[in-house]
Amino acid sequence: MSTTLFRTIQPNQFTLLGTALFRRRRRSNFSVRCCGTQTTTTHEAKQPSQSRIAPKNHGSNKLDEILRDYEAVIGIETHVQLSTFTKAFCSCPNNYGSHPNTSICPVCMGLPGALPVLNSKVVEFGVRLGLALNCDLSLKSKFDRKQYFYPDLPKGYQISQFDIPIASGGYVDVDIPLEFGGGHRRFGITRVHMEEDAGKLLHSDTGDYSQVDLNRAGVPLLEIVSEPDMRSGIEAAEYASEMQRIVRYLGVSNGNMQEGSLRCDVNISIRPIGQAEFGTKVEIKNLNAFSAISRAIDFEISRQALLYNQGQADQIVSETRLWEEGAQKSVTMRKKEGLADYRYFPEPDLPEVILTQDYVDSIRSSLPELPEAKRRRYEAMGLGMQDVLFLANDVSVAEFFDAVIGKGAEVKLAANWIMSDIAAYLKNEDLSINDVKLTPQELAELIAAIKDGTISGKIGKQILFELLAKGGTVQGMIKAKDLVQITDPAEIEKMVLKVVSENPKQLEQYRNGRTKLEGYFAGQVMKMSKGKANPGLLNKILLEKLNAKD
């Protein structure tokens, strides 16, 4: 099965051969090969590893003036690949990154006579996400066939949900970061429905042929369709980011955009300010980075506004476009299909999905605290919005923070340590907070030891980095390395007098007005005390001696 190949597509002819390919006779024709090796990239929008930020309005004052006359209307379709052990309708493993065409069977290949069986975990995840998005659940829903031809869709149709999705009529609340103006937004959710994913095309470098990897065919998806409530690229990117946070908090998906576990199709139209009727909608397909979502939308808004302003609004057609990251522009992919093109009809091989209220209630009671609720709780603790957004962004970081303050650490101090030194260490080492040896208990102990004066903040940082890398206990390190802070004024005074007497030239310069040399003297005392002198006491005694008349 993994070496099934197709030589040509001709009317009323379908040839199965062991090593054949679709060859391109003309540039517009596809060539497809299904094989067991992966050497090229997918048919999805290509994104480089590092994205470049393009100016929002492309540097034109005239364009800025044009854009002020129009309002954008934006909606997003978010495809979430579910973290189930097996696929949606068969027992093939759902393994990202496995060798091409090794996780396939007659069901997900669409071979004649193979019948789908619904994975119950897909339903559970659909209910969890629907509840998290404040949706109304359909206690009775069904699957439908969505008909279209594409070489990586082996059945010639996709099992999806059409008129009766599992969830509908919800909303999500989003906090906009301060650097983008701040504030809260509520975006409507039209529906959440269950469906299966297609396979993946791998194009050759020469463009002569394409290979098909069907490992992804049949992988379960939840598609979230928003209301057209967004008005800018920033709002859309923040909405998508919130979707990623929610699915990660729920545990239904890893949400990794670089793996295709979360993909966004954005629908954009513009209309003159004050007009109630929507403009012609254009879709940009398969955006897999938040920055790309923002830039692609801003480009498309500008493109459509210029056409409107030039009297060429009729050139804005309902179509699907792709975002070219390198060129920072969208390009036409194909004309947009309508519902009639998909020829939906109920899936005859699957029964209705019937939920009981007890089942829904049991899932509702198991939901974790979601990002929005966590942000409001952190705000109530007195944290600023910047702190709140950082801590609640990653569920693992939020859980770590909650555990630290649960051990008695002061809220603001715990947030500062996590957001500064710990975050910098994680970034430099390319680690997650789950990878480090430091425990919430020991961070709380460290904060307490600095607060009560047992150790200095400088020594605290030294201990922190050792705990992050090697683990251990704060008290154990303090004892083993004799790190207890020197708080005896007489002992600190002796060191200050010694340093001052050994640096007469610097003392004279200080007393002649070079007061910045105070830092030099403090550094020398700290060096002599191996960093253990209490900074506050040291500075007080040092100033007394430096400013003494004799």
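Q: What is a nonpolar core?
A: A nonpolar core is a set of buried Ala, Val, Leu, Ile, Met, Phe, Trp, Tyr and Cys residues joined through side-chain atoms within 4.5 Å. Buried means under 20% relative accessible area, exposed over 50%, and partly exposed in between, with a 1.4 Å probe and protein chains only.

Q: What kind of model is this, and how are residues numbered?
A: This is a predicted model, in which local features need pLDDT of at least 70, side-chain atom pairs count only at pLDDT 80 or more, and totals for chains, interfaces and linings use all residues. Residues are numbered from 1 along each chain as its sequence is written, and side-chain values use heavy atoms, with hydrogens and water left out.

Q: Which residues touch the most other members of the largest core?
A: Leu133 and Leu443 do, in a core of 105 residues.

Q: Which residues are in the second core?
A: That separate core has 18 residues, including Leu507 and Met526.

Q: New topic: how many aromatic pairs are there?
A: The structure holds 10. Rings of Phe, Tyr and Trp (its six-membered ring) pair if their centres lie within 6.5 Å; planes under 30 degrees apart count as stacked, over 60 as edge-to-face and the rest as tilted.

Q: How are Tyr70 and Tyr308 arranged?
A: Their pair is tilted, with 5.3 Å centre to centre and 45° between the planes.

Q: Is Tyr70 buried or exposed?
A: Tyr70 counts as buried because its relative accessibility is 17%.
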